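Please look at the sequence and the structure first, and then read the sections in order.

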Amino acid sequence: MQKIVHVLLYGLLLAVVFTGMMGITHFIAEEEERVAQETERQLALQRAADKEAEEQKQLQLENTRTVLVKKLPVYQEKKIVKQKADSDRVTLSYGERMTLLEEDRLYAKIQTESGQTGYVWKDGIGKLQQTDHGLQNPNAPDTQPPFVVFIDVEEAVQQEQTSPQERDAQDTISLNTALKLEKKLESRGYVVIMARRSPENSLSDAKSAELASQIEADASIRICTDYLTDVSDNDAGNPADDSPDNQTNHGTGGTLQRAAAYCSTKQSAFPAARYAADSKKLGKYLLKSYTKETGFTNAGVLGTDEYPGIQKSKTPAIVLKTEPVSGPENAGRMERAKFQAKMADGIADGLDAYFRWKMEQTAAI
């Protein structure tokens, strides 16, 4: 009987131990599951936090801009303001960064790294790119800014024999050629600043010249398509270096069917006189390539003080008369996008030649 009791007790003890072990095993399994769930929850939270941080980083990157020109003034409103020596207005330098707040076709509202807000000319800023060396200005791999070309459209002269529809067509040719030139220059590594992007006037000639000077553009080109004037003294179409430097203010009687470039003279009383020599070279190289590409006749580089966009310029600047639109055949050709692309190619090639000359001059100093 005693043995039976012992067996029963041992059996009971084993049952208790087994039950306990089963309970412990179940508890351990539940605890492991709870820990696994908590770990997964924490990982999910971390992934969500990482995703949010990455999205914030991308958003910040998306809204980060860098200065593409040598100098970029910050205005308090959407208005080009003349620079003054004692002005406390903020001016950013090439490579500085900012945050884009809003933008339209011409201006961008930005916040500087120091927290100041204002408006800048939108073409003067660009996005950064992620490279192996971090965020970089995509326009130049080094600290030297690329060449900056300022492009504007000179309105066609309103002559009695030209109808409003013809003048509109001429201005459209100039603007479309300017926009095509912008794309071609950017593909060649230039930074392009457009003074306008629609037929409506965005800036006066004086304000346009002021902006080009403030950003320290390397060259300014004003494209114009109308009936040529001021060429009667240069009928032979002499190249720029053969044109006398005192050719200025010839009057408005000429109507020759030729492409011409106008620039300041050294004798001018306006600020542009300081850049007359470079402007003349710019006109020469542009006309040579432009007329070669288009087949137009070269009327030469002519000195003038008649254009406000030239007078006040503090950078090499020319007005390029593309060739007058005259007759259905000529008009039809110049209104075609393919031919406007040829015109833009010629101007771009001329700029390449001018800047090669400029770099040679700089290297020789």
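## Salt bridges

Lys-358 and Asp-278 are joined through their side chains by a salt bridge, with N and O 2.3 Å apart. A salt bridge is here a side-chain nitrogen of Lys or Arg within 4 Å of a carboxyl oxygen of Asp or Glu. Because Lys-358 belongs to helix H7 (residues 337-364) and Asp-278 to helix H4, the pair ties together parts that are 80 residues apart in sequence. Helices (H or I, at least four residues) and strands (E, at least two) are DSSP runs, numbered from the N terminus.

The model is predicted: local features need pLDDT of at least 70 and side-chain atom pairs count only at pLDDT 80 or more, while totals for chains, interfaces and linings use all residues. Residues are numbered from 1 along each chain as its sequence is written, and side-chain values use heavy atoms, with hydrogens and water left out.

How many salt bridges does a search of the whole structure find? The search finds 16. In general, side chains of opposite charge can pair when their charged atoms come close.

| Salt bridge | N to O distance |
|---|---|
| Lys-358 and Asp-278 | 2.3 Å |
| Arg-222 and Asp-205 | 2.5 Å |
| Lys-78 and Asp-104 | 2.8 Å |

The salt bridge between Lys-78 and Asp-104 ties together parts that are 26 residues apart in sequence, because Lys-78 lies in the loop between E2 and E3 and Asp-104 in the loop between strand E4 (97-103) and strand E5 (107-112).

Arg-222 pairs with Asp-205 in a further salt bridge. Arg-222 is part of strand E12 (residues 219-224) and Asp-205 is part of helix H3 (residues 205-214), so this pair ties together parts that are 17 residues apart in sequence.

How accessible are these partners? Buried means under 20% relative accessible area, exposed over 50%, and partly exposed in between (1.4 Å probe, protein chains only). Arg-222 is buried, at 4%, whereas Asp-205 is partly exposed, at 23%. Asp-278 is buried, at 17%, and Lys-358 is partly exposed, at 27%. Salt bridges that share partners also link Asp-152, Glu-154, Arg-196, Asp-205 and Arg-222 into one network.

## A residue at the end of helix H4

Thr-294 lies in helix H4 (residues 276-294). Is Thr-294 buried or exposed? With a relative accessible area of 8%, Thr-294 is buried. The side chain of Thr-294 reaches the backbone oxygen of Tyr-290 at 2.8 Å.

## Surface patches

Patches consist of residues with over 30% relative accessible area and no salt bridge; like charges are joined within 9 Å, and nonpolar side chains (Val, Leu, Ile, Met, Phe, Trp, Tyr) within 5 Å. Accessible areas come from the Shrake-Rupley method with a 1.4 Å probe.

Lys-82, Lys-84, Lys-312 and Lys-314 gather in a surface patch of positive charge. Lys-82 is found in the loop between strand E2 (71-73) and strand E3 (91-93), and Lys-82 is exposed, at 58% relative accessible area.

Ile-24, Phe-27 and Ile-28 form a nonpolar patch on the surface, which together has about 300 Å² of accessible area. Phe-27 belongs to helix H1 (residues 2-63) and is exposed, with a relative accessible area of 52%.

Conventions: Lys, Arg positive; Asp, Glu negative; His and termini not counted. Charge placed at Lys NZ, Arg CZ, Asp CG, Glu CD. Polar contact = N/O pair within 3.5 Å; in protein donor to acceptor, adjacent residues only side chain to side chain.
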